[in-house]
Amino acid sequence: MSEFMEFFNTSNPANVSTSVKLLLMLTVLSLAPSILILMTCFTRIIIVLGFVRTSLATQQMPPTQVLIGLAMFMSFFIMAPTFQEVNKQALTPLFEEKITLEEAYEKASIPFKEFMSEHTRQKDLALFLDYAQMDPPKSIQDIPLTALVPAFAISEMKTAFQIGFMIFIPFLVIDMIIASVLMSMGMMMLPPVMISLPFKILLFVLVDGWYLVVKSLLQSF
C-alpha cells in the first residue's frame with residue numbers, strides 16, 4: 001500500500017511525468033472513437049459499404065459487425081502513413097521527454113490536418129471559417145481543428161453519397177427490368193425484390209463487386 005501511495009506522490013518528478021503520460025493515454029483512448037470516425041477515412045468507407053448492402057437489398061448480409069470491422073482495418077491501412085508520422089513527430093519525443101505536452105499536441109495535429117485538408121472541399125471549410133468570423137488561414141497549420149474537422153466530415157459524406165449513387169444505378173436498372181417483366185406477365189402480386197435479388201447477387205459476384213468497391217475506395221484516397 002505504501003508503494004502504491006508513493007507512486008502517486010506528486011512531489012516526485014518521475015511520478016508526475018508518469019501520471020501525465022497515463023492521463024494523456026486515457027484521454028486519447030476516450031477520444032479514440034471520435035478521432036476514428038471524424039478525422040480519418042472511416043466515415044467514407046462505412047457509408048459506401050452501407051450503400052452496397054442497401055443496393056443489394058440483402059437485409060443484414062453482410063452483418064453490420066463485418067462491415068464495421070472491414071471499414072476499421074481499411075482505415076488503419078489507409079491512415080498508416082499519418083499514424084506513423086504522428087508517432088515519429090509527437091508521441092516518441094513526448095515519451096522520451098524531449099518535448100512538452102503542448103508541443104506534442106501541435107506536432108500530432110499537423111499530419112491529421114494535412115490529410116483532412118487534402119480531402120476537404122474549400123466550400124465546406126469556408127462555411128465554418130465564415131461562421132466563426134475567422135481570418136483565412138495562411139497555411140494548413142493555421143487551420144483550427146474546430147473548423148477543419150466538421151468541414152472534413154461533411155466533405156467525406158458528400159463524396160460517399162456520390163460513390164453510393166453510382167453503386168445504386170446498375171442494381172436499380174435490374175429492379176426496373178424485373179418489375180417490367182413481371183407486370184407484362186400479369187404477376188403484379190409477386191414482389192419484384194424477391195425475383196431481382198438473385199440476379200443482383202449474381203451480377204455482383206460476376207463482376208467481383210467487393211474487389212471493385214474496395215479498389216475504388218482505396219484509389220479515392
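A: In this predicted model, His119 touches Arg44, Phe152, Ser155, Glu156, Ser220 and Phe221, leaving aside residues up to four places away in sequence. His119 itself is found in the loop between helix H5 (101–118) and H6. Is His119 buried or exposed? Its relative accessible area is 13%, and because the limit for a buried residue is under 20%, His119 counts as buried.

One of the partners of His119, Ser155, also takes part in the contact between H6 and H7. The axes of helix H6 (residues 122–131) and helix H7 (residues 145–184) come within 8 Å and cross at roughly 145°; the crossing is right-handed. From H6, the residues in contact are Asp124, Leu125, Phe128 and Leu129, and they meet Ala147, Leu148, Pro150, Ala151, Ile154 and Ser155 of H7. Sorted by class, this contact has 8 nonpolar, 1 polar and 1 charged residues.

Arg44, another partner of His119, directs attention to helix H3, which spans residues 42–56. H3 packs with helix H4 (residues 64–95) at an angle of about 145°, their axes being 9 Å apart, and this crossing is right-handed. On the H3 side, Phe42, Ile45, Ile46, Leu49 and Arg53 are in contact with H4 residues, including Leu67, Ile68, Met72 and Ile78. By class, the contact of H3 with H4 has 11 nonpolar, 2 polar and 1 charged residues.

Helix H4 also carries aromatic residues. The structure holds 8 aromatic pairs. Phe73 and Phe76 form one that is edge-to-face, with 6.5 Å centre to centre and 85° between the planes. These two residues are 3 apart in helix H4, which means that about one helical turn separates them. Phe73 counts as exposed because its relative accessibility is 64%, whereas Phe76, at 38%, counts as partly exposed. Phe76 and Phe83 form a tilted pair, 6.4 Å centre to centre with 55° between the planes. Phe83 is partly exposed, with a relative accessible area of 30%. Ring pairs link Phe73, Phe76, Phe83 and Phe112 into a cluster.

Key. Residues numbered from 1 in each chain as written. Predicted model: local features only at pLDDT ≥ 70, side-chain atom pairs only at ≥ 80, totals over all residues. Heavy atoms only, no water. Axes fitted to C-alpha atoms, helices over the stretch in contact; angles between N-to-C directions. Helix = DSSP H or I, 4+ residues; strand = E, 2+ residues; numbered from the N terminus. Left-handed = near helix turned anticlockwise from the far one by under 90°. Contact = heavy atoms within 4.5 Å. Nonpolar A, V, L, I, M, F, W, Y, C, P; charged D, E, K, R; others polar. Buried < 20%, exposed > 50% of the residue type's maximum accessible area, 1.4 Å probe, protein only. Phe/Tyr/Trp six-rings, centres within 6.5 Å; stacked < 30°, edge-to-face > 60°.
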